[in-house]
Amino acid sequence: MAARTLYEKIWDAHVVREEPGQPTLIYIDRHLIHEGTSPQAFSGLKAAGRKVRRPELTFAVMDHSVSTKNRLLPVLDADARGQFEALERNCAETGVHLFDMNSKNQGIVHIIGPELGITQPGQTIVCGDSHTSTHGAFGALAFGIGTSEIEHVLATQCLTQFKSKTMKVEISGKRPQGVTAKDIILAVIGKIGIAGGNGYVFEYSGEAVRGLSMEGRMTMCNMSIEGGARAGMVAPDETTFAYMEGRPFVPRGKEFQGAVDFWQTLPSDRDAEYDDTLTLYARDLAPMVTWGTNPGMVTQVSDRVPDPASFSDPVDREAATRALVYMDLKPGTAIEDISLDRVFIGSCTNSRLEDLRAAAKVVAGKHVAKSLKQALVVPGSRVVKAEAEAEGLDKVFVAAGFEWRDAGCSMCIGMNDDVLLSGERSASTSNRNFEGRQGKGGRTHLVSPVMAAAAAIEGHFVDIRKWNNVDGAE
Amino acid sequence: MEPFIKHTGLVAPLDRVNVDTDQMVPKQFLKLQTRQGYGRVLFYDWRYLPGEKPNPEFILNAPRYKSASVILARANFGCGSSREHAPWAILDYGFRAILAPSYADIFYNNCFKNGILPVTLSNEQIDELFARTERKEGYRVTVDLEQQVVTDDQGLRYSFEVDPFRRDCLLKGLDDIGLTLVHEPRISAFEAKNLKHPAMYEAVDVKHHSDSPQSARHN
Ligand code: SF4
């Protein structure tokens, strides 16, 4: 058989029906849903008199609108409450397993899938959420879908899909100190632009990617969609297998060995061909900070806010001009001189245990700047929260003046009461800095957890490489 | 889904690149449980001043674009979140077709599921359409899916490509799920064949695992 990429192997293994000139029908192994995008899918299903085909392959969780303050209080937001109740009802009626807001396994959908071992190498995984690309870190084909497609998967456990092109994104060499997975992916997006990956599935490779933990690989894959790609993937290896073993939904004993044997067949063949290749050299990378209103508007922390006039493409110039007005930034301002109102450490990009450990190490024994209105740490899941507390990280954060919260999407999207007010500026470890994303009129700068932590201490951005207690792990 | 065969309508120009779905339907409107009624909130933060007063600066509020039904847009339209609320809002507002040089992947898909035709034209063609829209108040185009052309009454005629399968579904207003269910025997055969595949298709023992004391370990 011809040499194949990881993507092609998974694709081929899931073809249910293929006809020339038509999209392919592929089988879906795992389907994740949350309260935000699923109610209309269930009501559509019901209206058509259809059933959920394989309820045991769909997992539901409440994450977007949950309070991160106190779960025991009644939900006051009537619309959010309606969504929670609908999800509960829909799951009860159809037999879909739900991690509700009081479950000890509750968390952001893209955090709990991997953490519980629901996500596994070689699978096709979908969710009505664009950051489903996160799960590709395990060598799965995982992508976001719309609500009509959620309904389609519920009814048929399949999706009709057109095959994507493949791009090998190679990060060659070792990651310098202070440079995290977040900085790598921001650099990739800065390079190709937010539409650069349109029509592609990325496969990340190279020494710097191989050297990342599963957490770091998830951070990279998470933001594939911000580069326009349908999905991002990393070939499974020993790091992956070690992460998988012992997780609740992962097979055990002999069956685990069988699974590992299969997973080992997944990495791209040596002579497999990609439609495109992008190579970055890790030694050129630095901590990154976004200055504009999409993740591609990004620069190194030691840089300055660019002058729109420096863009050769008139469309880019226009977009940059508009972005600087929205962000209230002047061209030429040093990134380190940008001061902040709030700091948010959380979201499906950067709220895993390793992220929190790295941030805690930066803030230990220090205190957030007086000028800051708020510094939030929101663990991605209750499992992360419990593990962090077992290590005493919560105490480190609280002593440093951070608020320590319960798990959820929180200020990444501001669908609960954690929001940025109009005109306020945040350093955020999340993935989107669109206008109004964290609150109408709010201004978001995307950074890594260690960069956010240091910015909270100083009240403005700082180059984390100058702080000697940082190893840049994750 | 309502079929799309041919549509003639007033063109509204939205001269920005990378319009994301967060702008189309901001998060505070993602908590509703219907597919209808989102037209009122389309482009909410751009469209309204405090108190939901129309913002005169926003193009859709200009009287000359009232009752527009074709959006003329720039590159990478619909990027960001997968929310299908975005096409629901576009449709509910009264738009049936979009003309742009490129679209984000998920949004493009979602349009076809809702009877909206996203037409892809070259940058030069889009520039020309912006010029014509600006020049002539009441500028209208006809988007013909059967012939795969965009035309106006001044002799403009741009043909466009669209995947034949998607075209067919839209022309007939076909229900995707119904189409797939025709292949039920194949799906069952696939499941039977892969039942024992390691870690892939075997039913997950949810009851046994659910919320049991979690065993996710530290690394
Ligand atoms: S954390 Fe943010 S990006 Fe991730 S799923 Fe939640 S809202 Fe979406």
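This is a predicted model: local features need pLDDT of at least 70, side-chain atom pairs count only at pLDDT 80 or more; totals for chains, interfaces and linings use all residues.
Q: Where does the ligand sit?
A: Residues around the ligand include A:His64, A:His110, A:Asp129, A:His131 and A:Arg437. Also among them are A:Cys348, A:Cys409 and A:Cys412. The site itself is the largest cavity.

Q: How do the residues of the shell around the ligand divide into nonpolar, polar and charged?
A: The shell includes A:Ile108 and A:Ile413, as well as A:Ser347 and A:Asn431. Ile and Cys count as nonpolar, Asp and Arg as charged. The division is five nonpolar, five polar and two charged.

Q: How many aromatic pairs does a search of the whole structure find?
A: Ring centres must lie within 6.5 Å to pair. The search runs over all chains. The total is 20.

Q: What kind of aromatic pair do B:Trp46 and B:Phe58 form: stacked, edge-to-face or tilted?
A: The ring centres of B:Trp46 and B:Phe58 are 6.1 Å apart, with 50° between the planes. Stacked needs under 30 degrees and edge-to-face over 60. The pair is therefore tilted.

Q: How many residues apart in sequence are the parts that the pair of B:Trp46 and B:Phe58 ties together?
A: B:Trp46 lies in helix α2 of chain B. B:Phe58 lies in the loop between β3 and β4 of chain B. Both residues are buried. The pair so ties together parts with a separation in sequence of twelve residues.

Q: Which residue has its charged end over the ring of B:Trp46?
A: B:Trp46 also pairs with B:Phe58. A charged end sits over the B:Trp46 ring, 3.9 Å from its centre. That charged end belongs to B:Arg16.

Q: Over the face of which residue does B:Arg74 lie?
A: The distance from B:Arg74 to the ring centre is 3.9 Å. A charge counts as over a ring within 6 Å of the centre, given a fitting angle. The ring is that of B:Phe130.

Q: Is B:Tyr108 buried or exposed?
A: B:Tyr108 forms a tilted pair with B:Tyr103, at 5.5 Å centre to centre and 40° between the planes. B:Tyr103 is buried at 8% relative accessibility. B:Tyr108 has a relative accessible area of 17%, and the cut-off is under 20%, so B:Tyr108 is buried.

Q: How many residues of helix α4 of chain B are buried?
A: The helix covers residues 105-112 and is mostly covered. Its buried residues include B:Ile106, B:Phe107, B:Tyr108 and B:Cys111. The count is seven of eight.

Q: How many residues of helix α12 of chain A are buried?
A: This helix spans residues 353-363. The buried residues include A:Leu353, A:Leu356, A:Val362 and A:Val363. A:Glu354 and A:Asp355 are also among them. The count is nine of eleven.

Q: How far apart in space are B:Gly138 and B:Val25?
A: B:Gly138 lies in the loop between α5 and β7 of chain B. B:Gly138 is partly exposed, at 32% relative accessible area. In sequence, B:Gly138 and B:Val25 are 113 residues apart. C-alpha to C-alpha, the separation is 27 Å.

Q: What distance separates the C-alpha atoms of B:Asn61 and B:Val17?
A: B:Asn61 is in the loop between β3 and β4 of chain B. B:Asn61 is partly exposed, with 24% relative accessible area. Along the chain, B:Asn61 and B:Val17 are 44 residues apart. Their C-alpha atoms are separated by 19 Å.

Technical notes
Residues are numbered from 1 along each chain as its sequence is written. Chains are lettered from A and ligands numbered from 1 in the order in which they are written. Side-chain values use heavy atoms; hydrogens and water are left out. A residue is near a molecule or strand if one of its heavy atoms lies within 4 Å of it. On a 1 Å grid over the protein atoms alone, a cavity is a set of points where a 1.4 Å probe fits but cannot get out, and a pocket is an open set with protein on both sides within 12 Å along at least five of seven lines; lining residues have an atom within 4 Å of a point. A molecule sits in a cavity or pocket if more than half of its atoms lie within 2 Å of its grid points. Rings of Phe, Tyr and Trp (its six-membered ring) pair if their centres lie within 6.5 Å; planes under 30 degrees apart count as stacked, over 60 as edge-to-face and the rest as tilted. Helices (H or I, at least four residues) and strands (E, at least two) are DSSP runs, numbered from the N terminus. Buried means under 20% relative accessible area, exposed over 50%, partly exposed in between (1.4 Å probe, protein chains only). A charge sits over a ring if NZ of Lys or CZ of Arg is within 6 Å of the ring centre and within 35 degrees of the ring normal.
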